[in-house]
Structures are given as structure tokens and as C-alpha cells.
Amino acid sequence: MSTLLQSGAPPALRTVSSLLHLPPSLRPLVYAATQSRWQTTSSTKPATHPKTALFFPGQGVQRVGMTTDWLEAFPNTVRPILQEIDETLQTPLSRIIADGPNSTLTATQNAQPAIMATSIIILRVLEREFGFKTNERVDIVLGHSLGEFAALVAGGYLRQHDALKLVRRRAEVMERCSKEIGEEVGMVALVCEADHLSSMVEAIHSFLGHASNEGAKTDSHSDTDLPSVQQVLIANVNSKNQIVLSGSIARINELLTHLRQFAGHDPRAVRLKSDSPFHSPLMKPAADVMKKLLHQSSPSAKGEDVVMWPGIMPCISNVSARPFESKEQLKDMLAKQCVETVLWHDSIVYLHKEEKVRRWVGIGPGKVGRNLVGKEVGMKGAVKGGGVWGISDPREVESVLRDLDDTESSGQE
């Protein structure tokens, strides 16, 4: 090993990708010998750079082994974080992430903290191993549903330790709610032509309003006088042609029948791999628990508020599709997020058209978020003055940081 380092690692070994082809025992030393190569250029960044957003994924992207490559490539950063996660949650979550089984990892109480933890691990690798200065290179953060917690950590509003505890408790209550319902519940994605989405949403609202005997309404909560098990909510507006319904599967099927027989719509319906009706009235107990926890003091900083204000950069709320405006509003909306519609599409449109965000970096497991953003803003990878990237694997770090450095001096449009 000493001979390899003294002679200088060959070019093929001087990449993050090549580290993963080495025995685990050799990776830290080889990486340390070449680390300076990809220190980012934030110290020389221009006064203005293309406005940059950092975004994080939600539930459903989890997979067994999603931290393994990160641990093997960057053990000095990743291992202490995994140990901290296990200690914080008093459960061997790192082992569940690494070894599964998949049925255990996909349980809501494990999947949610596992995804958030993996997202934060990737961010910390960028910061500590590559010198990426989040507060200098990023202008705004956001996250899809569960991903909002990782965004709040990255944006300086929640401490990492506190966010893990909040997410775990939230997930436990959500899982309990799902088990206590007594009938089949879940989530169904509806995909239609982009120019039909608005009228389809109106038809959904109308159906829900008529079902409550109060006439047509324009509010996605229009059937809230029904027993909660019969309520359906538009849980996500993900893109210009995709929404997700959440609640009773029988009730969702009634709604689909109405859309097809009476409203002139025939969307493609895809049942999601979720046995929980997230972002529906059935999750109200989780919202109540979150509201209580967010108004208590920090578990990790004695005498301090659990929410830090202000953060180091704006964070977009799933509920309003706009930046949080105050500490109290953040607490209120983060609790409501359990039962409210995730306005992801609205958030991306706002950032793209009004805030003129030109660079988008997705951090965390999976590619769903990157694909949704890329389709909306019409970019993939690096383009003139911007781009859309995703980092879910160590092999992607080098090219993304290179593209960010190459577009750093492009200025703002």
C-alpha cells in the first residue's frame, strides 16, 4: 500500500468511482492521498452565481444497502453518523439499512428516518470530504414530503439529532394510524395529459363536494364531514400531469368511476407501494403529535427551541409552495404537512419562474425527484448557465461537482 501511495495513484484510481473497486481496507488511504483534487471552488466563487436549489426525496426511494457504498468509500465521515443515528433512535437502523430485510426497511417507522439519514449522510460527505460549502453554493432548499425534514436540516432550521427524533416519532404514529383503520387504504397516482390536469382536479373537488351534500367545492378538503376513513385527499401534486390520491381504496375507486363515467376523464391510475394514506385526514394523529413536539424544547440543545430561526437560507414549505416566513409558521405548516397536499409542482414552478433558480441538485436515494424537476424545468445534467443533477451514489459526486464548478461563473439570468 505504501508503494502505491508513494508512487502516486494512477489516474484510474483518482476518482470516487474507482475507490469502490478497491478492497475496503485500501479506500480511505487512497482517497486521502487524492482528496484535494475535488475540493470545490467556493473560496473563489463570483459575487453572483446561477441561483441554486438543493432538494431531497420522500418516502418510497428506500432500498436495502443504500448507505453501504458511502460507508465503504468515506468511512471516517459516514461511520460516526450511522453510530449517532443508532444511538439517537435507540434502534439498529444502520443494520436495517445495510442488511434489511426489505420488509423491515420499508416499514414506515424505519423507512422515513432511513431515507432522511441517508440524505444527510450524502450532504455531509459533500461538505466534509469535498469541501462543499452548502451555505455559499446553495441559495434555497426544499424536500418532497418526508424530504422536507432533510431540507430543514440543510437549511439550518432543525438540528440533525432533533430531526431524526421528529421523523421517527412521526413515522411511528403514521404507521399506527394505518394499522388501526380497519379497511384497505393507500395511495394511487393519476397520470393524465398536461392540459387536462386542471379540469380533472376540478372534477375531483366537485365529486368530493357533492359527496358531502354541500354542493361543488374548490377545496381538496371538501368531504371532511364524512368519517375520516371515507375521506380522500389529493396528497401530492407532483407534476403538470400527475397527482396522487390518498385514503380509502374503495373511496378512491368510486372517485375513479365518477371521473371516467361522468366527468370525461380517463387518467392512468397506478397503485403506489404504500399501505399508508399519507397526507390525508387519516394522518391527523400524526399532525397532532408533531404540533406538540415542535412546541417543546430541543432534545439535543438544552433550553433551546427545537426550531432554529432564522435559518441560513430559505426553505420552501410543502403546504404553501413558498418559503417559511416565521418560526411559528414553520411549526404550524410542518405539523399540517401530515394531512395537507404536498404542492411539489407548485414549488418547482415558483422557484423556476419567479425565483429564477437555474441549478437544481437532488441529494438522497433514488432518481424520482430529479426526474420530476428535470421534466418541469426542461433541463437534465449541465446546460448553459445551469442544470439538474442527482447524487444518490458515490460514483456521481465527481461529475456533479465538476458541472457545478463549470457553471459557477455563469451568472444569474
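The side chain of Thr77 makes a polar contact with the side chain of Glu129, at 2.7 Å. A polar contact is a pair of N or O atoms within 3.5 Å; within protein, one must be able to donate a hydrogen and the other to accept it, and residues adjacent in sequence count only if both atoms are side-chain atoms. This is a predicted model, where local features need pLDDT of at least 70, side-chain atom pairs count only at pLDDT 80 or more, and totals for chains, interfaces and linings use all residues. Residues are numbered from 1 along each chain as its sequence is written, and side-chain values use heavy atoms, with hydrogens and water left out.

Thr77 sits in helix H5, residues 75-89. Helices (H or I, at least four residues) and strands (E, at least two) are DSSP runs, numbered from the N terminus. Thr77 is buried, at 7% relative accessible area. Buried means under 20%, exposed over 50%, and partly exposed in between (1.4 Å probe, protein chains only). Not counting residues up to four places away in sequence, Thr77 touches Arg124, Val125, Arg128 and Glu129. Contact here means heavy atoms within 4.5 Å.

## Nonpolar cores

The largest nonpolar core holds 77 residues. Such a core is a set of buried Ala, Val, Leu, Ile, Met, Phe, Trp, Tyr and Cys residues joined through side-chain atoms within 4.5 Å. Helix H8 (residues 108-130) gives the largest share, 11 residues. Domain 1 (52-179 + 281-410) and domain 2 (185-209 + 228-271) both contribute residues, so this core lies between them. The domain bounds come from an automatic or database assignment.

Trp70 and Ile85 have the most contacts inside the largest core. Leaving aside neighbours within four places in sequence, Ile85 is in contact with Leu93, Ala117, Ile121 and Leu164. Another core, of 20 residues, lies apart; among them are Val188, Val201, Ala203 and Ile204.

## Helix H18

Eight of the 11 residues of helix H18 (residues 397-407) are buried, so the helix is largely enclosed by the rest of the structure. Its buried residues include Val397, Val400, Leu401 and Leu404.

## Glu355

Glu355 lies in the loop between helix H16 (344-354) and strand E7 (359-363). Glu355 is partly exposed, at 25% relative accessible area. Its side chain makes a polar contact with the side chain of Lys51, at 3.1 Å. Glu355 and Ile140 are 215 residues apart in sequence and 9.8 Å apart in space, C-alpha to C-alpha.
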